[in-house]
Amino acid sequence: MIDFSKYPLPNRMRHHTSPNFYLPASELQIIPKGYPPLIDKIDWSNHFANSQPPDLLDIGCGRGKFLLDMSFRLPQKNILGIEVRPLPVEWLQNVIKGENLPNVSVLRYSVVNGLPFIEDNSIEEVFYLFPDPWPKKKHIKRRAFNLDFVREVHRILKKQGKLLLATDVPEVHAYHLEILNEFKLFEIQIIENDADWDYPVTNKEDFCRRVGIPFYRIICVK
């Protein structure tokens, strides 16, 4: 277990960041200061002790509770967290380095720019759990989950690989299903009970359970 008292959270770690960070660089006339790095290739020896690429991706890993729990649950697998906000990434990198964790790494990146540094048919599971909802219709374009994202996830997943989704916003759940049904290449299972979802609890899921907020889960199989 990690003693998190050794790693105090920054006082200014906010949940939200610049809306421009949720838009592809190709759609921006000027790349704003602080925009997440654009990445084409990665030397995995800088991320994992075995120098191998990731087996699992946690997209929008936030403060990393799920990410770290998965790394302990599956020590033989490499898991990569991707997060758009710089402070959670810096904090998690400090925890990973301080605890000398060999199979987990975190990357500051915006997935709206694709995943060109991940090989085809190489990932076992992709987690996209409780993303920023952007609930207003005028802000839907800022949702990372769209047809391009789903195509990219399908590309990198192995055969029978899984995309796992969770949200506490009914409109976002319906939107996820709309995009998936339009894409058509995933087998979709809506999760009704915990027995069909054997994974660690995220910070947001823990909050939802404690205060009685319903949430929605989907497993998509390639």
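Me: Which residue in β7 does Gln 189 stand opposite?

Reply: A heads-up: this is a predicted model, where local features need pLDDT of at least 70, side-chain atom pairs count only at pLDDT 80 or more, and totals for chains, interfaces and linings use all residues. Residues are numbered from 1 along each chain as its sequence is written, and side-chain values use heavy atoms, with hydrogens and water left out. Strand β6 (residues 187–191) pairs with β7 in the antiparallel sense over five bridges; strands (E, at least two residues) and helices (H or I, at least four) are DSSP runs numbered from the N terminus, and two strands pair if DSSP finds at least two bridges between them. In β7, Gln 189 stands opposite Ile 219.

Me: And which residue in β7 stands opposite Thr 167?

Reply: That takes us to another pairing of β7: with β5 in the antiparallel sense, over six bridges. Standing opposite Thr 167 in β7 is Tyr 216.

Me: How many of the six residues of β7 are buried?

Reply: Buried means under 20% relative accessible area, while exposed means over 50% and partly exposed lies in between (1.4 Å probe, protein chains only). Strand β7 (residues 216–221) is largely enclosed by the rest of the structure, because its buried residues number five.

Me: How many of the 10 residues of α3 are buried?

Reply: The buried ones are Leu 147, Phe 149, Val 150, Glu 152, Val 153, His 154 and Ile 156. What covers them includes β1, β4 (123–129), β5 (157–167) and α4. So α3 is largely enclosed by the rest of the structure, with a buried count of seven.

Me: Which residue caps the N-terminal end of α3?

Reply: Follow the backbone nitrogen of Asp 148: a side-chain oxygen lies 3.1 Å from it.

Me: Which side chain does Arg 85 join in a polar contact of 2.8 Å?

Reply: Arg 85 is in the loop between β2 and α2 (86–99), and counts as buried at 12% relative accessibility. A polar contact is a pair of N or O atoms within 3.5 Å; within protein, one must be able to donate a hydrogen and the other to accept it, and residues adjacent in sequence count only if both atoms are side-chain atoms. The partner here is Glu 83.

Me: What is the volume of the second largest cavity?

Reply: On a 1 Å grid over the protein atoms alone, a cavity is a set of points where a 1.4 Å probe fits but cannot get out, a pocket is an open set with protein on both sides within 12 Å along at least five of seven lines, and lining residues have an atom within 4 Å of a point. Grid points are joined across faces, edges and corners, and a volume is the space filled by probe spheres set on the points. Phe 66, Leu 129, Phe 130, Ala 166, Trp 197, Pro 200, Thr 202 and Glu 205 line the second largest cavity. Its volume is about 30 Å³.

Me: Which helix gives the largest share of the lining of the largest cavity?

Reply: About 40 Å³ of space lies in the largest cavity. Of the 10 residues that line it, the closest to its centre are Tyr 128, Pro 131, Asp 132, Arg 143 and His 176. The largest share, three residues, comes from helix α4 (residues 170–183).

Me: How much space lies in the second largest pocket?

Reply: Its lining includes Met 1, Trp 91 and Asn 203. Helix α1 (residues 65–73) gives the most to that lining, with four residues. The space in this pocket is about 240 Å³.

Terms used. Contact means heavy atoms within 4.5 Å.
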